Amino acid sequence: MTTRKQTTSHEEEFDTLESHLAGTLKRVAPPSGIVQRLRGRISMPARETITLRFHDWRTLVFIFGGVMSGMLLIITVARALYHLTGRRG
């Protein structure tokens with residue numbers, strides 16, 4: 001029961017802190033020039049461009065192979081680190 005009381009106490013502390021910060025911090029609007037520049041730089045490609053990329057099967061195979069190779073590399077490194085730093089004795 002002590003862990004439940006501690007958890008409740010921590011949750012109450014976080015709620016109190018969050019409500020205090022919500023009242024203290026105020027929203028700041030970014031300058032309009034920055035917003036306009038970001039909108040100019042960020043653009044979604046046209047629907048036709050996206051569909052053309054999916055029809056190019058060689059590129060898709062290359063991307064799929066790269067993702068799978070990356071995942072295998074991450075898994076291998078994680079397993080090696082687990083075995084090196086795992087339980088001993």
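Which residues gather in a patch of negative charge on the surface? In this predicted model, in which residues are numbered from 1 along each chain as its sequence is written, the patch consists of Glu11, Glu12, Glu13, Asp15 and Glu18. Local features need pLDDT of at least 70, side-chain atom pairs count only at pLDDT 80 or more, totals for chains, interfaces and linings use all residues, and side-chain values use heavy atoms, with hydrogens and water left out.

Patch members have over 30% relative accessible area and no salt bridge, like charges being joined within 9 Å and nonpolar side chains (Val, Leu, Ile, Met, Phe, Trp, Tyr) within 5 Å. A salt bridge is a side-chain nitrogen of Lys or Arg within 4 Å of a carboxyl oxygen of Asp or Glu. Asp and Glu count as negative, with the charge placed at CG of Asp or CD of Glu. Asp15 belongs to helix α1 (residues 2-24).

The chain contains four helices and zero strands, where helices are DSSP runs of H or I with at least four residues and strands are runs of E with at least two. Mean pLDDT, the predictor's confidence from 0 to 100, is lowest in α1 (76) and highest in α4 (93). The chain average is 83, and 88% of the residues score at least 70.

A nonpolar surface patch comprises Phe62, Ile63, Phe64, Val67, Met68, Met71 and Ile75, with about 730 Å² of accessible area together (Shrake-Rupley method, 1.4 Å probe, only the protein chains shown counting as cover for residues). Phe62 lies in helix α4 (residues 57-85) and is exposed, with a relative accessible area of 69%; exposed means over 50%, buried under 20% and partly exposed in between. Buried residues make up 0% of the 89 residues.

Methods:
Buried < 20%, exposed > 50% of the residue type's maximum accessible area, 1.4 Å probe, protein only.
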